[in-house]
Amino acid sequence: MADPKKDIVLEGIPASPGIVIGPCFLYQYRRMEPEPRRIPDKHIKKELRNFRQSIENARNYIQESYEKARLQYGGEIPRILEIQLEILNDRVFLDEIEQLIQTEKFNAAYATFLVFSSKKEQLLKVPDDYMRERALDVANLKWLVLENLMGGRQPIVLNKPAIVVADDLSPADTVNLHQQKVLGIATNKGGINSHTVIIARALSVPAVVGLERITDFVQPGHKLVLDGSHGTVIVNPSSKTVQKYQKRRNLFLSLEEALIKESTKESRTRDGRRIFILANIEFENEIKQVKKVGADGIGLFRTEGIYINRHILPSEEEQTQIYLKVAREMYPKPVTIRTIDIGGDKIFPHIFVGQEPNPFLGYRAIRFCLDHADCFISQLRAMLRANVKGNVQVMIPMVSSLEEVYQVKELFEKAKAELRQEGIPFGENTPLGIMVEIPSVVTMADEFAREVDFFSIGTNDLVQYTLAVDRSNEHVAYLYSHFHPAVLRLIKDAVDAARAANIPVSMCGEMAGDPVAVPVLIAMGLDTLSAAHVMIPEMKKVVRQLTVAECEAIYEEIRHLKTTKEIKRTLETFFSEKFKDVFFE
Ligand code: PEP
Ligand code: MG
């Protein structure tokens, strides 16, 4: 493995801010040890075929990583992969496994496990550091081959605080991890606004995603430095690097603390315009942090957190209690609760089992809910029941057509009629609004604005659906930007349509929490922005340093620019000049 004194610096996508230093926990899927089985003679050929195929798949995977590493990093990293390829091409070694399948009639997974494990043990006994490092390579390869042979995914269990490194993590994995001792997250895959990342931000877990090959370069226990603000992970840092990052971490924490202290004050621009800064939450227990940073309400309560990692659906009563608690805790501040946005990258096997070729264009959110009216009505009833004090509003995600709005309104009225008939108290005048996150809604925004009580602009999806860029795919992450001129025009159109129809409009996509975007959003006429609580102190600070005239001037400058690059550069220059002494660099 790598020279322990040399830093291996990997650059990915900065996903959740903060700096952490700690040991690596390498999460390899399907790490279950295979059971020994004797296979009947007639299945031996098939078992051999499976074995050869999994070796082939593992070889292809390593070869691909090797090519990338050679071009990108050079030095030690491609060499490690080269050695792994040599092991996978070692005929004597592979023959040993095939022999076990043919003569002992062991299942391929078990034979692989036995031979790889004994090879690892042999190497560990050699009194040579280099050979012992190779033992770890063999262990890594063992799991790579077994992953091909066996199905099933193991839950992650951390025994001590660690930075979790994985190919990818699902939103459910991330939640599981937070309940343990996770210090930070680093993944090969992922885009800046995948739901996994949004959850990491909500849980204040520093994260770097889109690192592409980090799992090839680390071993369990390796020391790592992870800088989620800049998207950097350093493997095997030297003591000088560790010291440097300790200092940066302390600086980050003290600036954060100072910002949080100031954050309880309301946010007005220097010339007096009130900008309401609300919080997006995933879980009801985020309320403590939300209050600490002085949020003006909850602009988006994503209710999927209630459905995640469970085996049965939550009952209406259970949901009512959760929503009531949030509504009460925040009262008199507003709370917008969103009906479930299942699908896309949030798959809950107990509710819907099915593979879709294009999940983000598929059976997601309101499409699922309208197809499961009972489940939908029970959620609507719980939300209505939570609105006894009048500070709750209900929001529908992924609306793409007016027909959906008509159907939702019908079911909303049905839920109310049921509650009325049953004599259960609820908020008669609960506002019903929609997420504006699909371009078709912006195109017909005037019509939608006549039908609903409010708009909330969801840029995470608006960007992905406008630009045809999967929000969670690291290969196209360079195309994903809320500063694309087409996206900016759509946002302005949505705001104008809401204004013309006299309905409230806010933004709850991650763009709202991007300090560089804040001046533009103010200039467009938005006065309500909602973002992860970790972003709020910074957003408030930005608002307080700006005047509306300044915002309008910078918006006027970028409004005519034709490329994302020019817009981003202009805004970043404005931002860094204006805020050069204020923020952590
Ligand atoms: C959005 O799409 O901008 C949004 C806020 O919703 P989500 O990220 O949950 O899809
Ligand atoms: Mg969305």
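**Reading a helix, a core and a metal site**

Tutor: In helix α3, the buried residues are Phe-93, Leu-94, Ile-97, Glu-98, Leu-100 and Ile-101. Please note that this is a predicted model.

Student: What span should α3 have, and what caps its N-terminal end?

Tutor: At 1.5 Å a residue, the 12 residues of α3 (residues 91–102) should span 16 Å, and the 16 Å between the end C-alpha atoms agrees with this. The N-terminal cap is Asp-90, with a side-chain oxygen 3.2 Å from the backbone nitrogen of Val-92.

Student: How many residues form the largest nonpolar core?

Tutor: In soluble globular proteins, nonpolar side chains tend to be buried together. The largest nonpolar core in this model has 107 residues, and Ile-298, Phe-455, Ile-491 and Leu-529 have the most contacts inside it. Helix α19 (residues 485–501) gives the most to this core, with eight residues. Another core, of 52 residues, lies apart from it and includes Phe-93 and Val-145.

Student: Which residues coordinate the magnesium ion (ligand 2)?

Tutor: Glu-437 (OE) and Asp-461 (OD) coordinate the ion, at 2.0 Å. Glu-437 lies in the loop between β13 and α16, and Asp-461 in helix α18, so the pair ties together parts 24 residues apart in sequence. Glu-437 is buried, at 2% relative accessible area, and Asp-461 also counts as buried, at 2%.

Definitions and conventions: Residues are numbered from 1 along each chain as its sequence is written. Chains are lettered from A and ligands numbered from 1 in the order in which they are written. This is a predicted model: local features need pLDDT of at least 70, side-chain atom pairs count only at pLDDT 80 or more; totals for chains, interfaces and linings use all residues. Side-chain values use heavy atoms; hydrogens and water are left out. Donors are N, O and S atoms within 2.8 Å of the metal (3.2 Å for Na, K and Ca); water is not among the atoms, so sites may look incomplete. Helices (H or I, at least four residues) and strands (E, at least two) are DSSP runs, numbered from the N terminus. Buried means under 20% relative accessible area, exposed over 50%, partly exposed in between (1.4 Å probe, protein chains only). A nonpolar core is a set of buried Ala, Val, Leu, Ile, Met, Phe, Trp, Tyr and Cys residues joined through side-chain atoms within 4.5 Å. The expected span of a helix is 1.5 Å times one less than its number of residues. A polar contact is a pair of N or O atoms within 3.5 Å; within protein, one must be able to donate a hydrogen and the other to accept it, and residues adjacent in sequence count only if both atoms are side-chain atoms.
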